[in-house]
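Here is a short briefing on one structure. Look at the model first, then read the points below.

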Amino acid sequence: MPEPSSIQKSAIRKRGQVGERLATLCVWAVALLVSLVFFWILIDLFLGGVRHLSLSFLFEAPRDAGRAGGIAPILVASLEIVAVCMLVALPIGIGTAVWLAEYAGDRNRLGRLVRRSLDVLASVPSIVFGLFGSAFFCLQLGLGFSILAGGLTLACMVLPIFIRTAEEGFRAVPQAYRLGAASLGISRTSTLFRILIPSALPALSAGFVLGVGRALAETAALIFTSGYVSRMPESLLDSGRAMSVHIYDLAMNVPGGNDNAFATALVLLLLLLLINASFAWISQHHLSHGASQS
Amino acid sequence: MFMTSLRPTTSSPPRADVFLVFALRALAVVASGIVLLILVFLLLESAPALEGIGLTRFFSDASWHPLSDRFNMMPMVFASLAITFGAILAAIPLGIGSALFCRYYAPPKLASLYRALLQLLAGIPSVVYGFWALVVLVPVLFPSLLAGIVILSLMILPTVALIADASLAQIPLEYSHGSAALGLGRWSMIRGVLLPSARRGLVTAILLGLARAIGETMAVLMVCGNVVQFPKSLTDPVRTLTANIALEMSYAGDLHRSALFVSGLLLMGLVVLLVAIAEGLSRGKIYA
């Protein structure tokens, strides 16, 4: 067996080392580049927005097509849209998650079908939700351009995300809780409301927070469902302009609207950051604890 | 012996419980019925165009001028695909590089910071990315295919990086211990052992990135210039399928509106196909 000479050996080792160094350099460069670009974006948005942000910006109505004034009606409309969305998504989502986790085993045919169709629903592009919402909620159900139609469209969008998180939460509830309840003769209904839902509460709130984040960030599905009107909405059947739609409109259709678009973007980002942070907090303090018990 | 009067356990369950299971199942059926409802409405709304215009004219008409009865969608299909592939080509090395950085190169503290940054970025609304690109990129790159590719690659990068990172985390520790015991360097171990074993997860990451890119609307709408044409170079303005829907829905009527629903159907088909492949791949073990 020909032994590689010591010179050959060191050549191989050297080539290997050069490759190692190069790879390390590349990976660090990628991470640095990505961080720099993203900090550039975040700092731009922050500096652009913070100059025009004030308390009165939050409490005034927009004037001059949004170039001046604030975003009070837009904030209200956004919150109403998100509220409608979550009020509809929560009961359907919790019910579905309980059924999937507690009653539909992995072998259940209907269970598999439900899971499959929720996966598909999660992947539908938002503009397609917009088309569907405008055809179904606005025209077919006669809701017109309204906060209600926008919220319902978003509810369809948020459901799969919420259900996935909630189902994991119910699955993480220790089996002993269910057996204990059953041995005490507690009905399954009481078990659900007194034991399962309270134990899965961290996961439910995590799903809730994720859903709200997704709903606040959405634009394309809202343009043709909740509409453009920037007046203060008087009822859920009024059209209302969400924050993201406001940013789009100011940036594209209103020359000189960039300042207020920056400020609105900053408000939206701060809200999302808050939501993100609470999600991180919930999952760190409660979810891992629940999972470790199971 | 204690005699306690217990209701026999073999009796039928309380009525409330029967109702509960029934109600839960009904809710699950409602939730899963939504996707069917979407499909039905897309088909219903696009039926007039499929009958009145016919499939072939979406390819063979002279141009996209729906108001004068010309319905060639191909320039927009091409633009959507070009932007998507451009974006994924840029996002693959950056995304997988980021995942490798998190898993194998960065000190643990830095890795979790970097991961938090990626998670934050994944949550930034597309309209905000679009607005930033409009203010910062468009003055330099002009409204163009290139501007769209750049911003879209930034938007899907966190998706690709986070899923790749998660799939690298699934690799059994023995693999890296074994290769370390063989005296492999870090990069040789990654290239020779870890990346190949995470192959499926990485492909899943890329496919989901593709799905996100092709369905993306707001950012491309804001930076691509929205001219319906086959681009001759990277600096030409283009209009994607998604942007076209967003632009024309507000005034489209009859056949035109119906044609927009056809493009929606096409988008949904493409995305669902990509996701189905991704899920098929990751259904088994994500490594090996």
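Does A265(A) count as buried or exposed, going by its C-beta neighbours inside 10 Å? A265(A) counts as buried, because it has 27 C-beta neighbours inside 10 Å. A residue is buried if 20 or more other C-beta atoms lie within 10 Å of its own, exposed if 12 or fewer, and partly exposed in between, with C-beta atoms placed from the backbone.

This is a predicted model, in which local features need pLDDT of at least 70, side-chain atom pairs count only at pLDDT 80 or more, and totals for chains, interfaces and linings use all residues. Residues are numbered from 1 along each chain as its sequence is written, while chains are lettered from A and ligands numbered from 1 in the order in which they are written.

**Two alanines in one helix**

- A265(A) lies in helix α12 (residues 258–293) of chain A. Helices (H or I, at least four residues) and strands (E, at least two) are DSSP runs, numbered from the N terminus.
- A265(A) touches L45(A), G49(A), I247(A), V128(B) and F131(B), leaving out residues up to four places away in sequence. Two residues are in contact if their C-beta atoms, placed from the backbone, lie within 7 Å.
- The C-alpha atoms of A265(A) and I92(A) are separated by 31 Å, and these residues are 173 residues apart along the chain.
- A261(A) is also found in helix α12 of chain A. A261(A) counts as buried, because it has 27 C-beta neighbours inside 10 Å.
- Neighbours within four places in sequence aside, A261(A) is in contact with I247(A), L250(A), A251(A) and F131(B).
- A261(A) and R67(A) are 194 residues apart along the chain, yet their C-alpha atoms are separated by 8.6 Å.

**Where the chains meet**

- In chain A, 67 residues are in contact with 65 residues of chain B.
- On the side of chain A that touches chain B, helix α1 (residues 6–50) of chain A gives the most, with 17 residues.
- That side of chain A divides into 46 nonpolar, 17 polar and four charged residues. Here Ala, Val, Leu, Ile, Met, Phe, Trp, Tyr, Cys and Pro count as nonpolar, Asp, Glu, Lys and Arg as charged, and the others, Gly among them, as polar.

**A pair of packed helices**

- Helix α5 (residues 126–140) of chain A packs against helix α1 (residues 15–52) of chain B at an angle of about 80°, with the axes 10 Å apart. Axes are lines fitted to C-alpha atoms, for helices over the stretch in contact, and angles run from 0 to 180 degrees between N-to-C directions.
- α5(A) and α1(B) are therefore roughly perpendicular to each other, a label for angles of 65 to 115 degrees.
- From α5(A), the contact uses L131(A), F132(A), A135(A) and F136(A). From α1(B), it uses L37(B), I38(B), F41(B), L42(B) and E45(B).
- By class, the residues of this contact are eight nonpolar, no polar and one charged.

**The largest nonpolar core**

- The largest nonpolar core has 186 residues, and L159(A), V128(B) and I151(B) touch the most other members. Such a core is a set of buried Ala, Val, Leu, Ile, Met, Phe, Trp, Tyr and Cys residues joined through C-beta atoms within 7 Å.
- Helix α7 (residues 145–169) of chain B gives the most to this core, with 17 residues.
- V128(B) touches L45(A), I247(A), A265(A), L268(A) and L269(A), not counting residues up to four places away in sequence.

**Domains of chain A**

- Chain A is divided into domain 1 (6–50) and domain 2 (57–293). The bounds come from an automatic or database domain assignment.
- The C-alpha centres of domain 1 of chain A and domain 2 of chain A lie 37 Å apart.
- Their contact takes five residues from domain 1 of chain A and five residues from domain 2 of chain A.

**Positive phi in chain B**

- Most residues other than glycine have a negative phi.
- D69(B) is not a glycine, but it has a positive phi of about 65°. D69(B) sits in the loop between β1 (64–65) and β2 (70–71) of chain B.
- D69(B) counts as exposed, because it has 12 C-beta neighbours inside 10 Å.
- N226(B) is not a glycine, but it has a positive phi of about 60°. N226(B) is partly exposed, with 19 other C-beta atoms within 10 Å.

Terms used:
Parallel < 35°, antiparallel > 145°, perpendicular 65-115°, else oblique.
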